[in-house]
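Please read it alongside the sequence and the coordinates shown below.

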Amino acid sequence: MPFLNNLQRWADERPDDTAVVVAGKRLSWADLRDGAQAAAASSTAPVTVLAQPNSTKFAIEFAAAVAGDRECAVLDPTWPEALQDEIVQRLGCGVDQVPGSSRTELADGDPASSFLIGLTSGTTSVPKAFTRSRRSWQRSFEASMEFFGLSQQDRTLAPGPLAASLNLYALAECLYAGSEFHTLESFDVGDVHAAITHDGITRLVLVPTMLRLLSERGLLGCVDASGVRTIICAGSKLDARTLEAARRWAPHATIFEYYGASELSFVSGAGLAAGAPFAAGSTAIGRPFPGVEVRILDDSGNELPDGTAGNISVQSGMVSNGYLWGDDGEALRCFDGWFTVGDQGYLSDGVLHILGRRADMIITAGKNVYPHEVELALSSVPGVASAIAAGMDDDLRGQRVVAGIVPSHGGVTATQLKTGLEDVLAKDKRPLQYYALDELPVTDRGKVSRRLLLDWIAARDSRVRHLV
C-alpha cells in the first residue's frame, strides 16, 4: 500500500500528532504505526477480509492488511452473512477474517503488486470483484492532492462508512499526506455538526445527499461551518438546491464534484470557488484530472467528435487491474488501451458532460433517455427540492419515464412540473407520471436508487404520492 512508508515517516517525525479520529476516539501517528505493526506481525494469510463498522481498530487493521505484498478485501458489514461467506469462499484458501506467524514488515510492497480487492455494492447477489495495484493508488493520491488540495494542516471529515470506496480512499489519502482524518461510527447529522464545530474540520468528503442534510439543518440550527475550506462530493451530480444551501452554510468553501468509477479511479472534475456563479442543471462535470486523457468512443472503439454521445473512455495510470470474478465483458471494456465502464457522455471544448450509465438508460418508444438529464432538468424547476427519474415497464412504449419529486417549501403540482420542463427538456424525454416523495430513495451508502423508487411505486409505499 502506498501510504505505509509515509506512515512510518509521520510516526517518526510527529509521533504524538493526531492521525485518525473516529467518533472522538483518537490515534496518534505512533499509535497507528505501532498498532498496525503488531497486527501485521501476527498475520499469516496473504489476503485479509475486513467487514467491520467504522472504528480506530478498522484503521489499524486496514494498514496491517496491506503491509508488504498482502491484499485486503473490504466488505460492507451490513451485507448478509451468507453473502460475506460466499465472498470469502471465492477468495480461496489463506484468508484471515481479521489480520491474524510470519513477521510481515509494515512497509509498502512492490508498486506493481495488487493490494486491494474492490467489490461493487450489492446485497442480494455476489458483487463483482476487481483488484488494484499499489502504484495505481499512489498515482491517484498525487492526482487528487493536486486537484483538490490537501495539506498537513487540513482536518478531513468523511462521515460515511469506511467500507465505501469514497471514504476508504479519503482515509488512505490522508495517511499518505500526513493529514488528520476524522470519521464517525455511523452517519448522524448532529454528530457531524459537532465534529465540524469542535474539531476544527477544514475539509469534507461525502455524497450529495449527506451534504444536503448537513447544509439545510446546519443553516436552521446556526451551525458554524465557516472554517470548512473544501467540500468534495461524488456519487451523483450536485443539484441546484444542495449547492445553494452548501454555499450559504459553508461560505468560504470551494465545492468540488467529480466523475470517476471504482475501476477507473478519477476521470474529471470541477471546483466551484466561494462566490463564483454556477449554472443549474448542467451535465458538465469538468475537465480531466492530472494524468488522465479522455475520449468518447463508440461501441467499436472509434473516436466520436465533440458533442456526440458515446462511451466515456480513459487512459491513465490509475485504472484498476481488472476483475477477479464477475466480468461479463461489458462492465470494464478496453479499446486499444482506452478503458470504459460503459458510462455515457460527450466532450465539448475539453469539458466532459456525463449522461449516465448505459444500464440506467430508458428506452421509450424507440428513444434513448438518460435519467440523469431528466433529473437535472427537473432540479431547475421552481418548487423542486430534488428529483429522481426511472423507466417503468410499459406495454406500448417498452418503458415510460416516471419521476419522483421531493418538493421544496409549498409543494409543487404535476402541471407546474410539465410547464417548467417545456423550455429545458425535449418533449420525448419528459416524464409521463410524477410522484411526490417524502424523501429520496437511497441505499445504505447514501446513493440515490432508481430501482428503489420503482419498488416504492409498485408497493404503494406511504412515502410516495401520485401527482395529477
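At 58% relative accessibility, Ala365 counts as exposed, where exposed means over 50% relative accessible area, buried under 20% and partly exposed in between, computed with a 1.4 Å probe on protein chains only. Ala365 is found in the loop between β22 (362–364) and β23 (367–369); helices (H or I, at least four residues) and strands (E, at least two) are DSSP runs, numbered from the N terminus. The model is predicted, with local features requiring pLDDT of at least 70 and side-chain atom pairs pLDDT 80 or more, while totals for chains, interfaces and linings use all residues. Residues are numbered from 1 along each chain as its sequence is written, and side-chain values use heavy atoms, leaving out hydrogens and water.

**Positive phi values**

- Ala365 has a positive phi of about 50 degrees although it is not a glycine.
- Ser265, also a residue other than glycine, has a positive phi near 70 degrees.
- Ser265 lies in strand β13 (residues 265–272) and is buried, with a relative accessible area of 11%.

**Buried sites**

- Ile231, in strand β11 (residues 230–233), is buried at a relative accessible area of 0%.
- Ile231 and Ala253 are 22 residues apart along the chain, and their C-alpha atoms are separated by 6.4 Å.
- Not counting residues up to four places away in sequence, Ile231 touches Leu204, Leu206, Leu211, Ala250, Ala253, Thr254, Ile255 and Phe256, contact meaning heavy atoms within 4.5 Å.
- Nine of the nine residues of helix α10 (residues 371–379) are buried, so this helix is largely enclosed by the rest of the structure.
- The buried residues of α10 include His372, Glu373, Glu375 and Ser379, as well as Val374 and Leu376.

**Nonpolar cores**

- In soluble globular proteins, nonpolar side chains tend to be buried together.
- A nonpolar core is a set of buried Ala, Val, Leu, Ile, Met, Phe, Trp, Tyr and Cys residues joined through side-chain atoms within 4.5 Å.
- The largest nonpolar core has 99 residues, of which Val20 and Phe62 touch the most other members.
- Helix α6 (residues 165–177) supplies the largest share of this core, nine residues.
- Leaving aside neighbours within four places in sequence, Phe62 is in contact with Phe3, Leu50, Cys72, Val74, Leu168 and Leu171.
- A second, separate core of 20 residues includes Ala377, Leu378, Ala387 and Ala414.

**Helix packing**

- The axes of helix α2 (residues 29–41) and helix α3 (residues 56–65) come within 8 Å and cross at roughly 55 degrees, which makes α2 oblique to α3.
- Axes are lines fitted to C-alpha atoms, for helices over the stretch in contact, with angles from 0 to 180 degrees between N-to-C directions; angles under 35 degrees count as roughly parallel, over 145 as roughly antiparallel, 65 to 115 as roughly perpendicular and the rest as oblique.
- The contact is made by Leu32, Gly35, Ala36, Ala39 and Ala40 of α2 and by Ala59, Ile60, Ala63 and Ala64 of α3.
- Helix α7 (residues 189–198) and helix α8 (residues 208–220) have axes that come within 10 Å and cross at roughly 75 degrees; these helices are therefore roughly perpendicular to each other.
- Val189, Val192 and His193 of α7 meet Leu213, Leu214, Arg217 and Gly218 of α8 in this contact.
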